[in-house]
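Have a look at the structure, then read on.

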Amino acid sequence: MTTPHDTSAQTAQRIDAMEMTKHRRTPAPDTPQTRAYIRLLEEVSNFQHALVQANPTAEASDELIAKLASVRETLEQAAVPEAERLYARGELSGGEMQVLMPPLTVEHVDDHEFRAHTVAGEFAMGMNQAMHGGVVSVLFDTAMGRLAMGTEMLSARTVYLTTQYRNITPIGERLDLTATVDTVEGRKKFISGQLWHGDTLCAEADSLFVAVKPGQQ
Ligand SMILES: CCCCCCCCCC(=O)SCCNC(=O)CCNC(=O)[C@H](O)C(C)(C)COP(=O)(O)OP(=O)(O)OC[C@H]1O[C@@H](n2cnc3c(N)ncnc32)[C@H](O)[C@@H]1OP(=O)(O)O
């Protein structure tokens, strides 16, 4: 069995949060490379859903491991520092350019309100066709974090995020996510959000985001 080549020494880097935010929130240029990378992420996402649904035979697993190791080596050879990557670029870190969470499609964002929707596949499931609670929270963090950035795209970090789970969040169904800035106090934005399945409130959250100062990570 091959082990992953640790590329972090070449690619890990820490720069000013504002500079990194500017890079990450600038959409990747619409080039054949970017379009192909988006198709690659879609395939990875499809793979994740297929992976959790399958019980492959031992032989099939060994065959897949060899194929995946080869794919990984190809990616390792193309590794670049974070500030040069295509991954998670664009208006919203939780959009189509990532595989951490079900992709959010933004309907509206300004300095006060955020609205988006998503449909989650089985990779996001906790148990019994209900979304994993951590995935619910990462959706809130992403939506609220984007709202905290506002129209000026400030760099902000989550100080706290409290999620209340009210009803099961279904897999495979449209979910609507809203967030609102309730109060602004200097660098602090208090934000609340709701996750809906039709008229059913699945979860709600309260959070505090603080705009980072120059020099902070
Ligand atoms: C691929 C997809 C990725 C999707 C990501 C989407 C968005 C993600 C956003 C995040 O998740 S960021 C990651 C999680 N958050 C962190 O790792 C933050 C870790 N904490 C920090 O780095 C610092 O605490 C921080 C920069 C946020 C603030 O440090 P500071 O030293 O600048 O601020 P300070 O401690 O002075 O606190 C600022 C204000 O907040 C207040 N505060 C701090 N903690 C608090 C608390 N727990 N409750 C209430 N108020 C609090 C504090 O009292 C103060 O109020 P005042 O300005 O009125 O004096």
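## A greasy patch, then the ligand

The areas come from the Shrake-Rupley method with a 1.4 Å probe, counting only the protein chains shown as cover for residues. Helix H3 (32-53) and helix H4 (58-77) each put in at least two residues, and H3 has the largest share with three. Phe47 is found in H3. Helices (H or I, at least four residues) and strands (E, at least two) are DSSP runs, numbered from the N terminus.

A word on ground rules: this is a predicted model, where local features need pLDDT of at least 70 and side-chain atom pairs 80 or more, while totals for chains, interfaces and linings use all residues. Residues are numbered from 1 along each chain as its sequence is written, and side-chain values use heavy atoms, leaving out hydrogens and water.

On to the ligand. It has 14 residues around it, with Asp141, Thr158, Arg187, Lys188 and Gln216 the closest; a residue counts as near if one of its heavy atoms lies within 4 Å.

| Residue | Protein atom | Ligand atom | Distance |
|---|---|---|---|
| Thr158 | backbone N or O | nitrogen | 2.9 Å |
| Lys188 | polar side-chain atom | oxygen | 2.9 Å |
| Gln216 | side-chain N or O | oxygen | 2.7 Å |

On its own the ligand has 1200 Å² of accessible area, and the protein covers 52% of that. Helix H5 (133-149), strand E5 (156-165) and strand E8 (200-211) each give two or more residues to the shell, with E5 giving the most, four.

UniProt's unreviewed entry places "domain: Thioesterase" at residues 130-200; such annotations may be inferred rather than shown by experiment. That span is 24% helix and 49% strand, and its end C-alpha atoms lie 14 Å apart.

Finally, the salt bridges: the count is ten, taking a side-chain nitrogen of Lys or Arg within 4 Å of a carboxyl oxygen of Asp or Glu. One of them pairs Glu107 with Arg174 at 3.2 Å, N to O. This pair links distant parts of the chain, 67 residues apart, with Glu107 in strand E1 (residues 105-109) and Arg174 in strand E6 (residues 174-185).

Methods: A polar contact is a pair of N or O atoms within 3.5 Å; within protein, one must be able to donate a hydrogen and the other to accept it, and residues adjacent in sequence count only if both atoms are side-chain atoms.
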